[in-house]
Amino acid sequence: MARYSCVYHLLGPAERVRDILVGVFDSDRFAQIHDSPTYWVMREQPGRVPFDQLVTIEFLLDVPPDGELVQMTCIAKNDALSLQRDNHCRQIFEGVESILKQLAPTSL
């Protein structure tokens with residue numbers, strides 16, 4: 001089972017961060033399978049890769065009381081063994097990570 005994770009601190013209210021990410025992944029490639037204000041799950045749609053390579057992405061928001069700097073944990077996983085470093089799950093994860101890097105402030 002391949003599993004990749006990262007943690008980023010993002011500026012802005014949690015709703016804005018969530019809306020941006022759901023907008024990016026709300027396409028014909030991913031389907032939203034769980035949705036709550038601080039946790040949501042997107043799953044890759046079948047058809048492009050074998051079923052064991054379908055990637056599930058979990059987003060968990062930790063919102064402090066002031067709501068300004070949101071900590072986001074992102075986990076990408078699938079059921080395929082990661083026998084190669086450059087596998088499908090890693091490619092999807094790196095795409096998600098590049099989006100999160102664009103949303104993250106350059107310095108804290």
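**Close-up 1. The salt bridge between Glu 44 and Arg 29 in the predicted model.** The side chains of Glu 44 and Arg 29 form a salt bridge with an N to O distance of 3.3 Å. Because Glu 44 belongs to strand β3 and Arg 29 to the loop between α1 and β2, the pair ties together parts that are 15 residues apart in sequence. Glu 44 counts as buried, at 1% relative accessibility, whereas Arg 29, at 27%, counts as partly exposed.

**Close-up 2. The salt bridge between Lys 77 and Glu 58.** The closest N and O atoms of Lys 77 and Glu 58 are 2.6 Å apart, and the pair links distant parts of the chain, with Lys 77 in strand β5 and Glu 58 in strand β4, 19 residues apart. Lys 77 is buried, with a relative accessible area of 18%, and Glu 58 likewise counts as buried, at 15% relative accessibility.

**Close-up 3. The salt bridge between Glu 94 and Arg 90 within helix α2.** Here the closest N and O atoms of Glu 94 and Arg 90 lie 3.1 Å apart, and the two residues, 4 residues apart in the helix, are separated by about one helical turn. Glu 94 counts as partly exposed at 38% relative accessibility, while Arg 90, at 18%, counts as buried.

Technical notes:
Residues numbered from 1 in each chain as written. Predicted model: local features only at pLDDT ≥ 70, side-chain atom pairs only at ≥ 80, totals over all residues. Heavy atoms only, no water. Salt bridge = Lys/Arg side-chain N within 4 Å of Asp/Glu carboxyl O. Buried < 20%, exposed > 50% of the residue type's maximum accessible area, 1.4 Å probe, protein only.
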